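Subject: Structure handover

Hello,

Below is the structure for your work.

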Amino acid sequence: MHPIPEKLLRWYDINARSLPWRSDPSPYKVWVSEIMLQQTQVETVIPYFQRFMERFPDTASLAKAEESEVLQVWEGLGYYSRARNLHKAARIILSEFCGEIPMDVAALKSLPGIGAYTAGAIASIAFGAPEPALDANIRRVKIRLLDLHEQPGAKTDEKLWEFSRQILPNSRVGDYNQALMDLGSAICKPKEPLCHLCPLNDECLAFQRGTQSELPLRKPKGKVPHKLVVAAVIAHGSKVLLARRSSDGMLGNLWEYPGGAVLGDTSNLHDALQHLVETRFGLSISVESQLGVYKHAYTHFRITLHAFACRLPDAEHLTLPPDFAWADISTLSAYPMGKVARLISRELAF
């Protein structure tokens, strides 16, 4: 065995994190946990994972659920395409793989939401397959081990995958991949790595050359775009009007308050909201008082959303556009929403 996995597995036997999906690493639990862990911290994932397992304990229960149920349980974890892909993949597994999560990496990668890293993680952890994995933590560890001063991209990844295959152990591959994840999280941190505690410091070229804090190299960050957004909170008695987002876009199939981004003149948000709602949805509203201002940062842009109380004349006899619904304010928690829409809903409920 190469010294890197040998030393790392010894370290892991003493320092492995106790995580709910590790106590019973069934293929289903490994799959769900790996999807949840994409771009999300372990501490954030744990309560969502536990709640998800209570509601959908196996592939069949997930496949048979409505997408809205899955999104509701997922709400707050973000990156909602993961939940939609998980649900789609469960239905494919039920119909095409007899309800059994496939062991083969190629078959795993054919499922929605599963790329090379996730396929390797599932195959190695759930089935013991001799497959490397390469998430953000593992990538950082290996870049420092190699002292690789290259910009992120396909060329760098190719070198990392090749290195990963070369040093893969003959046994305990799942433990080894998880050990790399834990090492990256606890020791080989993005900033101020704890090299004096690392079991691999003798193998690490960056540590030996004193370059560990310079790595990995990052692409220069551009200015984060900012969008001004308006939303109409249209109440009618004890109900409020909700619009469901398109399934193929950001926050797909989540419910929100009708509105959108303001383009051009932002000096009169009342008029901008009125115009947006009429042109996008064919609804003629009157805009009244402002209810609140909400700021939120997504991965590639930020928003400032202004919510306004609005009236919709003749609401009782109005034919609603597709994907609109009157929701009782007391039942808003049943409608899966993004973070800002949920904040508005909580205020309405009080």
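Helix 15 is the largest contributor to the lining of the second largest pocket, giving six residues. Helices here are DSSP runs of H or I with at least four residues, strands are runs of E with at least two, and both are numbered from the N terminus. The model is predicted, so to speak of a local feature requires pLDDT of at least 70 and side-chain atom pairs count only at pLDDT 80 or more, while totals for chains, interfaces and linings use all residues. Residues are numbered from 1 along each chain as its sequence is written, and side-chain values use heavy atoms, with hydrogens and water left out.

Pockets

The second largest pocket holds about 930 Å³ of space. Its lining has 37 residues, and Leu77, Gly78, Tyr79, Tyr80 and Leu251 are the ones nearest its centre. Helix 7 (81-96), strand 5 and helix 15 (339-349) each supply at least two lining residues. By class, this lining has 13 nonpolar, 18 polar and six charged residues. The classes are: nonpolar for Ala, Val, Leu, Ile, Met, Phe, Trp, Tyr, Cys and Pro; charged for Asp, Glu, Lys and Arg; polar for the others, Gly among them.

The largest pocket has a volume of about 1,500 Å³. Gln39, Ala136, Asn137, Arg139 and Arg140 are the closest to its centre among the 45 residues that line it. Helix 10 provides the largest share of this lining, five residues. Helices that each supply at least two residues include helix 2 (20-23), helix 4 (42-55) and helix 10 (136-146). The lining of the largest pocket divides into 17 nonpolar, 14 polar and 14 charged residues.

For both, a pocket is an open set of points on a 1 Å grid over the protein atoms alone, where a 1.4 Å probe fits, with protein on both sides within 12 Å along at least five of seven lines; lining residues have an atom within 4 Å of a point. Grid points are joined across faces, edges and corners, and a volume is the space filled by probe spheres set on the points.

Strands

Strand 6 (residues 302-311) pairs with strand 1 (residues 226-236) in the parallel sense over nine bridges. Strand 6 also pairs with strand 5 (residues 286-297), in the antiparallel sense and over nine bridges. Pairing requires at least two DSSP bridges between the strands. Histidine 226 has arginine 302 of strand 6 as its bridge partner, and serine 286 has arginine 311. A hairpin of four residues joins strand 5 to strand 6. Eight of the 10 residues in strand 6 are buried (under 20% relative accessible area with a 1.4 Å probe, protein chains only; exposed is over 50%, partly exposed in between).

Single residues

Serine 33 lies in helix 3 (residues 27-36) and is buried, at a relative accessible area of 1%. Beyond its neighbours within four places in sequence, serine 33 is in contact (heavy atoms within 4.5 Å) with Trp21 and Phe49.

The whole structure has zero disulfides, a disulfide being a pair of cysteine sulfur atoms within 2.5 Å. For cysteine 188 the closest cysteine sulfur is in cysteine 198, 6.3 Å away, which is too far for a bond. Cysteine 188 is buried at 11% relative accessibility. The sulfur of cysteine 204 is likewise too far for a bond, with the closest cysteine sulfur, in cysteine 195, at 6.3 Å. Cysteine 204 has a relative accessible area of 10% and is buried.

Regards
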